[in-house]
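Hi,

Here is the structure I promised to pass on to you. Have a look at it first, and then read on for what I found.

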Amino acid sequence: MSGAEIYFSNNYRDLCEQNGTGAGFQFEFSCGRCYDTWRSPFEPYTGARMASWVNKGVNAAWGMLGRTGSGVSSAADGLAGAGYGSARDAAFQRAITNAEGHFNRCPRCTHYVCNRCWNAGQGICLTCAPDTAAEAVAARQRGLNDMVTDQAYAAGQQAGTGFDAAAPRQLVCPQCRTETHGTPFCPGCGHRMAQDDTCSSCQTAVPQGAAFCPTCGTRR
C-alpha cells in the first residue's frame with residue numbers, strides 16, 4: 001500500500017505542540033478492531049524553538065538596558081506561527097507513511113487494523129475473517145454453555161411445578177418500603193404481605209390493613 005491510500009480520518013490523535021521548547025509533531029494512530037495504539041516518532045518544531053531562543057536573547061539584552069524587546073519577540077513568534085501549519089501537514093504525511101508498516105486497510109470493512117488483527121492468509125481483517133481455530137474453540141464453549149443452560153432450564157421447570165404462580169405476592173412492603181422478595185411477611189417490619197382485598201368467608205371488600213372482616217368478623 002502507498003502512503004496516499006492511508007488517511008486515518010477517524011482513528012488518530014494529534015499530539016503536536018506548537019509553542020515552547022517542547023514544540024514538535026507527533027501523532028497517535030489506533031487499530032479499528034482492538035484499539036491498540038502506535039505513536040509516530042517525535043519531530044521537534046525548530047521554528048518554535050528558534051523563536052523561544054530569540055525571545056530569551058532579546059529580552060536578556062534589552063533587560064540589561066532597562067527596556068523591553070516586545071516588538072522583536074512578537075515578530076519572532078509570528079514567524080514561527082506562520083510556518084507551523086505547513087510544517088505540521090508535512091509531519092503528518094511522514095507519520096502516515098510510517099504507519100503503513102503498523103496498520104492494514106481491510107478491503108471489506110475499510111477499517112485500519114494492526115498486524116495482530118490482520119488475517120494475512122485471507123488478506124482481510126480478523127473481524128471479517130476470524131481465525132478458524134479460535135472460532136472452533138469458541139463454538140465448542142458455546143455448545144457446552146447452551147447444553148448446560150438447557151439442562152438448568154429443564155431442572156427449573158421441574159422445580160417450578162410446586163410453585164403457586166397464582167398466589168398474590170408483593171415485592172415491596174407498602175408500610176416500610178423494604179424489598180420482600182415475595183415472602184408472606186415483611187422482613188423489615190413484619191407486615192403481612194399480599195393480603196386479599198376480599199374476605200375469604202363472605203367475599204366482602206376488606207379495607208387495606210384490616211385484621212378482621214368488618215362484615216363477618218373473619219380474621220384475615
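Glu 28 has Arg 39 of β4 as its bridge partner. That pair belongs to the contact between β3 and β4, two strands that run antiparallel and are joined by three bridges. Please keep in mind throughout that this is a predicted model.

If you follow the chain from β3 to β4, you pass through a hairpin with six residues between the strands. One of the residues to look for in this hairpin is Tyr 35, which takes a positive phi near 70°.

On to the other neighbour of β3. Three bridges also join β1 to β3, and here again the strands run antiparallel.

Which way do the side chains of β3 point? Phe 27 and Phe 29 go one way, while Glu 28 and Ser 30 go the other. In a regular strand, side chains alternate between the two faces of the sheet.

Phe 27 and Phe 29, together with Phe 25, have the most contacts inside the largest nonpolar core, which has 24 residues. Two or more residues of this core come from each of β3 (27–30), α2 (70–99), β7 (112–114) and β9 (124–125). Among these elements, α2 gives the most, with six residues. In soluble globular proteins, nonpolar side chains tend to be buried together.

Finally, the wider view. The protein has three helices and nine strands, and from the N terminus on they run β-β-β-β-β-α-α-β-β-β-β-α. Of its 220 residues, 26% count as buried. The protein exposes about 14300 Å², with carbon and sulfur atoms supplying 54% of that area. Among contacts between residues at least 6 apart in sequence, 36% join residues at least 24 apart.

Enjoy exploring it!

Best wishes

Technical notes: Residues numbered from 1 in each chain as written. Predicted model: local features only at pLDDT ≥ 70, side-chain atom pairs only at ≥ 80, totals over all residues. Heavy atoms only, no water. Core = buried A, V, L, I, M, F, W, Y, C linked by side-chain atoms within 4.5 Å. Buried < 20%, exposed > 50% of the residue type's maximum accessible area, 1.4 Å probe, protein only. Helix = DSSP H or I, 4+ residues; strand = E, 2+ residues; numbered from the N terminus. Pairing = 2+ DSSP bridges. Contact = heavy atoms within 4.5 Å. Areas by Shrake-Rupley, 256 points an atom, 1.4 Å probe, with all protein chains shown as cover.
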